Amino acid sequence: MGEFELIRQFFAAAHCAQAVEGVALGIGDDCALLELAAGQQLAVSTDTLVAGVHFPAVCDPSLLGQRVLAVAVSDLAAMGAEAIGFTLALTLPEVDAQWLKDFSDGLSRMAHRCRMSLIGGDTTRGPLSFTVTVFGRIPAGQALRRDGARPGDLLCVGDHLGDAAGALSLVLGERQAAQELARPLLARYWAPMPQSTLGQLLRGHASAALDISDGLLADCGHIAKASGVALEVNQQQVPVSTELQALLGRDAALQAALTGGDDYVLAFTIAPEALQRLVLPGFIHVHVIGRVLPGEGVTLRDSQGHDITPVQRGYQHFRETP
Ligand SMILES: Nc1ncnc2c1ncn2[C@@H]1O[C@H](COP(=O)(O)OP(=O)(O)O)[C@@H](O)[C@H]1O
Ligand SMILES: Cc1ncc(C[n+]2csc(CCOP(=O)(O)OP(=O)(O)O)c2C)c(N)n1
Ligand SMILES: [Mg+2]
């Protein structure tokens with residue numbers, strides 16, 4: 001099978017390539033064309049996933065299809081954008097029709113859940129990797145940026161943390177667990193659900209937001225830096241699932257939640273009154289884990305208020321070894 005038959009069969013003709021609202025022209029021409037209404041801004045983000053770095057080289061292709069798209073859509077959620085479409089640049093070592101069919105099915109499943117459409121891409125031969133670029137719409141001026149946190153705001157997260165980092169040892173076969181424990185944790189690694197509804201509800205209320213990919217403490221550092229403030233995280237308020245605690249024990253579960261990454265959960269800052277306006281009517285369910293202070297950097301505190309900030313705060317490509 002050649003390059004163009006591969007594109008047609010597994011991508012252009014796939015369920016995920018059906019046009020959705022906002023796509024004027026999809027796969028097939030030199031560019032796709034997107035439609036934006038007056039008063040909307042286009043949100044764009046790109047993510048590369050490399051075999052052996054972001055996912056194991058040997059894995060279930062349909063799960064991989066889900067994950068590749070979900071982690072990219074999470075960036076749209078973090079800005080409060082509504083998803084429109086995505087491109088997929090695919091590098092494959094060889095053509096395996098069954099593998100591609102399963103990958104495309106997983107991709108289509110996640111595209112359907114995220115209500116977005118595959119609008120183009122590129123296909124090349126080489127070591128297995130994927131680059132997904134996502135496009136979304138936001139009412140002009142309402143994007144949730146990283147630079148608006150103010151002293152007095154609360155720091156919140158949209159779900160419990162650390163499950164995917166805990167699942168990694170199961171994914172890599174370094175640890176075994178009973179089905180009922182493994183299943184929910186593995187789901188958080190293979191199919192993280194972008195918190196798009198939460199992101200859109202936070203527009204006009206949250207002062208800053210991002211999605212946690214590298215680790216809570218590392219990513220909070222981006223808000224602190226962009227906003228010119230300090231963030232304080234209270235360890236005992238950081239939510240961890242019962243499954244993660246059963247797998248790793250409380251201490252290692254907390255470490256996974258604080259620095260493990262791969263969460264694709266929103267972290268945001270918000271004034272206390274603005275949070276009450278969303279929480280009291282039941283519009284959102286979130287966890288308050290800390291607060292914004294004057295100063296700089298991220299500090300982790302134990303229940304006595306001691307500074308227990310770890311040196312290693314999250315994942316970094318090209319980290320310099322001491
Ligand atoms: N090679 C690059 N060229 C230009 N911009 C880049 C490059 N790599 C990353 N960026 C930008 O740097 C910022 C931080 O990147 P990153 O940490 O990957 O964001 P995220 O965690 O949201 O995916 C983003 O605005 C991203 O678009
Ligand atoms: C097989 C495997 N090993 C390790 C990890 C852990 N891991 C790899 S990259 C990464 C951080 C997120 O990736 P990055 O490319 O920094 O995403 P971005 O912040 O740009 O969205 C993590 C936690 C993984 N997901 N899979
Ligand atoms: Mg990146």
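Mentor: Two residues are in contact if their C-beta atoms, placed from the backbone, lie within 7 Å. Please keep this in mind as we read the structure, which is a predicted model.

Trainee: With which residues is Gly121 in contact, leaving aside its neighbours within four places in sequence?

Mentor: Apart from those sequence neighbours, the contacts of Gly121 are Phe11, Thr87, Leu88, Ala89 and Leu90. Gly121 itself belongs to strand β5, which covers residues 117-125.

Trainee: How should I decide on burial: is Gly121 buried or exposed?

Mentor: A residue counts as buried if 20 or more other C-beta atoms lie within 10 Å of its own. Gly121 has 20 such atoms within 10 Å, so it is buried.

Trainee: Where does UniProt place the feature "binding site"?

Mentor: The UniProt record, an unreviewed entry, gives this feature at Gly121, Asp122, Arg146 and Ser213. These positions span 93 residues in sequence, and their farthest two C-alpha atoms are 31.0 Å apart, so they do not all gather at one spot.

Trainee: What can be said of Ser213, and where is its place?

Mentor: Ser213 sits in the loop between β8 (206-211) and α7 (216-227). Ser213 is buried, because 22 other C-beta atoms lie within 10 Å. Beyond its neighbours within four places in sequence, Ser213 is in contact with Val71, Asp219, Gly261, Asp262 and Tyr264.

Trainee: Which residues surround ligand 2?

Mentor: The shell consists of Asp47, Val53, His54, Phe55, Pro56, Leu168, Ser213, Asp214, Gly261, Asp262 and Tyr315. Sorted by class, five are nonpolar, three polar and three charged.

Trainee: Why does ligand 2 lie between domain 1 and domain 2?

Mentor: Ligand 2 lies between them because domain 1 (3-139) and domain 2 (154-301) both give residues to its shell.

Trainee: How far apart are the C-alpha atoms of Leu69 and Phe86?

Mentor: They are separated by 8.5 Å, although the two residues are 17 residues apart along the chain. Leu69, found in helix α2, is buried, with 30 other C-beta atoms within 10 Å. Among the contacts of Leu69, sequence neighbours within four places left aside, are Phe86, Leu107 and Val132.

Terms used: Residues numbered from 1 in each chain as written. Chains lettered and ligands numbered in written order. Predicted model: local features only at pLDDT ≥ 70, side-chain atom pairs only at ≥ 80, totals over all residues. Near = placed C-beta within 6 Å. Nonpolar A, V, L, I, M, F, W, Y, C, P; charged D, E, K, R; others polar. Domains from an automatic or database assignment. UniProt positions renumbered as here; feature names shortened; annotations may be inferred. Helix = DSSP H or I, 4+ residues; strand = E, 2+ residues; numbered from the N terminus. Buried ≥ 20, exposed ≤ 12 C-beta atoms within 10 Å, placed from the backbone.
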